[in-house]
There are 2 protein chains.
Amino acid sequence: MSLEQRYKPFLSSRAEGRQMQPFWNNAVPAHVKQHPQPIDLGAGLPNEGLFPIESVHLNVVNHPFQHRNYNFRSSKLHQQEHGNHVNDDGIDKTHIAHNERELVAQKFQDGSMVDMWRYEPENPQCIPICSGFQYNDTRGLTQMLDFCHKFVEYTNPPAYDDWDITFANGSSDSLFKVFETLAEANVTVLVEEFTFSPTVHNITATGATAVPIRLQVTADSESQGIDVDYLTNLLENWSQSEFSHLSKPRLLYTIPTGQNPTGMTLSLRKRQQIYALAEIHNFIIVEDDPYGYLRFPPYDPKNPFFNPYESNDFTIDQYRNEMLAKSFISLDTSGRVIRCETFSKVFFPGLRFSFIVGNKYLISKILSFEEVSTRAASGVSQMMVNNVIQKWAPGFSSAQEAWLAWVVKVAGQYTHRRNVLFQALQASDAYKNGLFSMLPVTAGMFAALTINFDQFPHIENRSEALQELSYILLEEGVKVVLGTNMAVSKPFSAHRSHFLRITYAYAADDAQLQEAAKRLGQGIQRLHSVH
Amino acid sequence: MSLEQRYKPFLSSRAEGRQMQPFWNNAVPAHVKQHPQPIDLGAGLPNEGLFPIESVHLNVVNHPFQHRNYNFRSSKLHQQEHGNHVNDDGIDKTHIAHNERELVAQKFQDGSMVDMWRYEPENPQCIPICSGFQYNDTRGLTQMLDFCHKFVEYTNPPAYDDWDITFANGSSDSLFKVFETLAEANVTVLVEEFTFSPTVHNITATGATAVPIRLQVTADSESQGIDVDYLTNLLENWSQSEFSHLSKPRLLYTIPTGQNPTGMTLSLRKRQQIYALAEIHNFIIVEDDPYGYLRFPPYDPKNPFFNPYESNDFTIDQYRNEMLAKSFISLDTSGRVIRCETFSKVFFPGLRFSFIVGNKYLISKILSFEEVSTRAASGVSQMMVNNVIQKWAPGFSSAQEAWLAWVVKVAGQYTHRRNVLFQALQASDAYKNGLFSMLPVTAGMFAALTINFDQFPHIENRSEALQELSYILLEEGVKVVLGTNMAVSKPFSAHRSHFLRITYAYAADDAQLQEAAKRLGQGIQRLHSVH
C-alpha cells in the first residue's frame with residue numbers, strides 16, 4: 001500500500017482541497033531550444049544589490065555564559081547581573097581585551113567571527129546573503145535542509161526510507177500546520193493529560209476534540225509518563241468509555257522527553273508499546289520534541305553536583321548513543337510518526353525556526369499548506385544557524401557532530417542548573433519535613449514539584465490550597481506555574497494535578513536558583529503553618 | 001456602534017471560536033503583597049547566557065549597489081557580475097580598503113557598523129540580543145512596534161483613532177491570516193481580475209469564493225485599475241449578475257499601487273469612489289501594499305533617464321507628500337480597511353517580516369490567530385530592521401524619516417531601472433513597428449507589456465500565440481510571466497490578458513536590462529514573422 005493510499009484518509013478536508021498552481025513555472029515543450037544564458041524578467045525578486053546589509057559578522061561563543069569569564073566588566077555585558085552574584089573565578093585568560101568592542105575587533109582579526117558575506121564562492125555549505133536574504137523555497141534553504149536531513153539520520157534515523165523534512169517558524173507553527181493538515185471537526189486527538197496548553201488550542205481551533213490520557217506521575221523511570229495500560233484499555237473499549245460519543249482517535253500528541261509540564265521522559269519500552277498500539281488502532285503519533293537534545297543523568301543526592309559532560313573523557317558519540325532518548329520516528333516502520341524539532345532551546349527562541357520530519361506524503365501536504373500561508377521560515381534565521389554550524393564543522397568529523405558538541409555544552413548547563421536547584425530544594429526544611437517531593441528529571445527545562453498533601457491533614461480542597469500556595473510564593477518572591485493550569489481537563493486530572501511546574505532554565509545563576517529554592521521551601525512551610 | 005458590533009459579523013466561525021487561555025498569567029488578588037524582586041521559575045525561557053551568539057555586527061551600506069564602487073574586486077563581491085559589465089566609473093574614494101575583510105575591519109573601527117549587543121543599556125530604542133533573540137510577544141518587539149506605529153502615522157495616518165498593528169511573517173502570511181479571520185465557505189471575496197495568484201489560493205483555501213472584478217488596463221493614470229463603473233453596477237445589481245448564486249461580497253482584495261501583475265496604480269479619486277462603495281455595500285477592503293513605497297514619475301520618452309531622486313534638492317518630505325499614493329486606510333473613517341505592509345521589497349525578502357494595520361477589534365482577532373499558530377515573527381529579523389534604522393536615525397528628524405530616506409534610495413534605483421528598460425524597449429524595431437506597447441508604470445517592480453495583436457492579422461487564438469511567444473522568448477533568452485497565467489478566471493479576462501509581466505527588479509545591471517529588451521523585441525518580431 002502506498003503512503004498516499006495509507007495516509008490520505010487522515011487528511012482534513014481543507015488539506016485535501018489545498019493547492020498552489022505556481023504562475024511562474026510552466027512546462028516547456030521539448031522542441032524549444034532554450035537560450036543558455038537567459039535573463040530573468042519574470043521572477044519578482046529584488047536584486048541583492050538593493051539589500052541594505054552587505055555582510056553580517058557573528059560573535060559566537062565557545063561555551064554558554066562565556067561572557068561571565070571576561071576580565072572586563074562592561075555595563076553592557078553585565079547589566080542584568082547582581083553585583084554580589086558575579087562569579088569572579090575562572091577568568092578565561094585567552095581574552096585580554098579591555099572591553100566588548102575590543103574583543104570583537106580581536107576576534108574579527110583572528111578570523112574567529114562567523115562571517116556572512118553577500119557572495120560566498122569558497123564554501124558551498126555556507127549560505128551567502130544573495131540567496132539567504134532573498135525569496136526562497138518554502139521548504140527551506142538547500143544547505144540547511146541538507147544539514148537537518150543528515151542530522152536526523154545521525155541522531156534519530158527513521159526505520160523506513162520514504163521520509164522527508166520541511167521547515168517551519170518554530171514548534172508552535174509546526175504543530176499548528178500538522179493539526180491543520182490532519183485534524184478537523186469530528187476528529188479525536190489524544191493528548192497527555194498535562195501538556196503545553198497552547199497546543200490544545202491549536203487542536204481545538206481546527207474543530208477537533210482533545211481527549212486527555214492518563215499519565216503515571218511517578219519517580220520510576222520505567223513507568224513514568226503515558227499510562228500504557230490505561231491507553232490500551234481505552235482504545236480497546238472505546239465504545240464503552242466516557243468518550244464513546246467521539247470518533248476513535250486518529251492522532252496522539254505527545255512530548256515524550258522532558259515532558260512539559262511534568263519533566264517526565266517515556267522509557268523506550270513504553271515508546272515501543274505505544275507505537276504498537278498506533279499500528280493496531282491506526283493512529284498517527286505527533287511527537288513534539290523541543291527538549292529531547294537536553295538530556296542528563298538522574299539527580300543523585302549522594303553526588304549532587306555530578307555532571308558527566310564536564311569530564312574530558314565524555315564523547316559526543318557517548319551522548320548520542322547513551323544519553324539521547326530514541327525518537328518514536330526511529331521505531332517507525334510504516335511512516336505514522338510526525339516528529340517536530342526546533343532550534344529554540346539549543347540555539348535561541350527568537351529564531352522562530354523549526355522543522356518537521358515525517359513520511360513524504362504527509363510532509364508534501366504540510367508543505368502545500370505552507371505554500372499558501374507563511375511560506376519559508378526567516379532566511380536570516382536559517383542562515384545564522386547554518387553558517388555558525390559550518391564554522392564549527394572543521395574541528396569535527398561532521399557538521400552534525402559539531403552541532404551536537406554545542407548541544408552537549410548546553411545540556412551540561414542544564415545538568416548543572418538542575419543539580420543546583422534540586423540540591424538546594426532538598427536542603428530546605430520543607431523537604432526534610434516531607435511537605436513536597438520532586439519528580440526525577442532527566443531531560444529538558446522543567447521539573448514537577450509535588451505537594452505532599454497527606455502532610456496537610458486540615459486541607460480539604462487541594463486545588464484551592466495550590467492556588468493559595470502560589471500567592472504565598474509571590475509574597476516569598478518566586479514565580480511558578482500550577483499543574484492544575486496545565487491540565488487538559490481539570491476534573492479528569494483532579495487527583496494528579498497538585499504540583500508546581502518549576503524551571504531552572506531562566507534564572508540568572510546558581511545563587512538565584514538557590515535563593516529561589518529557599519523561598520519555595522519557606523512558602524510551602526508557611527502554607528503548612530497556616531493550615 | 002462599537003467596532004465589535006460592527007465587525008463581529010465579518011468574522012469566520014473559526015475566528016470566533018479561537019481563544020488562547022495563557023496558563024502562565026493569572027490574576028493576583030489585591031491582598032497578596034508581592035515580593036519586590038521575584039525570581040522566575042515559571043517562564044519556560046532559556047537564559048540568554050545559553051545563546052551561542054554574543055553580538056552581531058551588520059555591515060550596512062549607504063546606498064544600494066555600493067559594492068560596485070569599491071576600488072577592489074574581490075571574487076566574493078563580484079562573482080555574479082559579468083566582467084564586461086562592471087562599472088568602473090565613480091569609484092567611491094572613501095573606501096581605501098584593499099579587500100572586503102579590511103573594509104569591514106575599518107568600518108568596525110570607525111563605529112559605522114550596526115552593532116547588536118547582548119545587553120544594550122545605552123539606547124532603549126535599540127533591541128538587545130537578550131530580548132530580541134528570546135521568546136517574545138506575538139504582536140512584536142516593543143521598539144519595532146513603536147517604530148511601525150509612528151511610521152503609519154508618518155506616511156498613511158488612518159482617518160480614525162482606534163487602529164492597531166500586529167506583525168506577521170511576510171505579506172503572504174499576513175494575507176493568509178487576514179483571510180482565515182474573515183473568510184470561509186459562502187463568503188465572496190472580490191479580487192482584481194489579474195492578481196498575485198497565491199492570494200487567490202489563500203482565499204479559496206478558506207472555502208470562500210474569489211470573484212474577479214474588471215480592470216481598466218489603460219495608460220491613463222486617472223482611469224487605470226479597478227473599473228469603478230463595472231464594480232458599482234455589479235454591486236447594485238448583484239442578484240441579476242453572473243455571480244447571483246454567490247452571497248454579496250464581504251471583502252475586496254486589492255493591490256492598489258504598482259499592481260501585480262499590471263503595474264497600474266489606482267488614482268486617489270478611484271480610491272475615494274471604491275471606499276464609498278465599501279461604505280454603501282458594507283464590505284471590508286484588504287489593501288495589499290508591498291510596492292507602495294517604490295514610487296516614481298511616469299516614463300518620459302523625451303527625457304528617458306529623468307530621475308528626480310538623484311537631485312540634491314529633492315527632499316524626503318517631497319517624497320512623502322508628493323510621491324506616495326494615499327493608502328485606503330488614510331481615507332478610512334469607519335475602520336473597514338486592513339492594510340498589509342512588508343519590509344520584503346525595501347529591506348529584503350528573506351526577513352519574512354511584515355505588518356498588518358486595521359481597526360483594533362479585527363487586529364485583536366488576527367492576533368488571537370497568531371497566538372495559536374505562528375506566534376511572533378523572527379526576532380532576528382525584527383531586530384535587524386529596527387537596529388539598522390536606529391543607527392540611521394540621528395542624522396534625521398525622526399527614525400521614520402531616516403527609514404524613508406533609505407526607501408527613496410531604493411525607489412531611485414527602481415526609477416533608473418524602469419527608465420533603462422523602457423528606453424531600450426522603445427528603441428527596438430518591434431516597438432517602432434507597433435507590435436507591442438507598455439502600460440505606464442509609476443510604482444513597484446512590474447510592467448505589463450501588451451502585444452498589439454491587431455498587428456498580427458493571421459493570429460486567431462491570441463492566448464495560444466502568447467504561449468508560443470513565451471517559448472520564442474526562452475529561445476531568445478528572456479524569461480517573462482504571461483498575463484493569462486495571472487488571470488483569476490481565464491474566460492472572464494479573455495480579452496484583456498494578452499500581456500507579458502516583466503520586471504526590472506532582478507536583472508544584474510543596466511546592460512542586462514538593455515540586452516533583455518533587445519531579446520524581447522527580437523522575439524516579438526519573430527512571432528510576427530512566423531504568422
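pLDDT is the predictor's confidence in each residue, from 0 to 100. This model is predicted. Chain A averages a pLDDT of 93, and 95% of its residues score at least 70. For the complex, the predictor gives an ipTM of 0.94 and a pTM of 0.95.

**Stop 1: a stretch to treat with care.** Colour chain A by pLDDT and select residues 79–95. The score stays under 50 here. The model still has 27 contacts for this stretch beyond four places in sequence.

**Stop 2: the sheet.** Select strands E13, E14, E17 and E16 of chain A. They form an open sheet, in that order, with antiparallel pairing. Strand E13 (436–438) and strand E16 (481–482) are the edges, and each pairs on one side only.

Now zoom in on E14 (residues 446–451) and E17 (residues 499–503) of chain A. Five bridges join this antiparallel pair. Pick A:Phe446: opposite stands A:Thr503 in E17(A).

**Stop 3: the helices on the sheet.**

Next, show helix H16 of chain A, residues 462–476. H16 lies across E14, E16 and E17 of chain A. It runs at about 35° to E17(A).

Stop 4: Jump to A:Asn303. A:Asn303 has a relative accessible area of 38%, so it counts as partly exposed. Finally, draw a C-alpha to C-alpha distance from A:Asn303 to A:Trp406. The two are 25 Å apart in space and 103 residues apart in sequence.

Terms used. Residues numbered from 1 in each chain as written. Chains lettered and ligands numbered in written order. Predicted model: local features only at pLDDT ≥ 70, side-chain atom pairs only at ≥ 80, totals over all residues. Heavy atoms only, no water. Contact = heavy atoms within 4.5 Å. Pairing = 2+ DSSP bridges. Helix = DSSP H or I, 4+ residues; strand = E, 2+ residues; numbered from the N terminus. Axes fitted to C-alpha atoms, helices over the stretch in contact; angles between N-to-C directions. Buried < 20%, exposed > 50% of the residue type's maximum accessible area, 1.4 Å probe, protein only.
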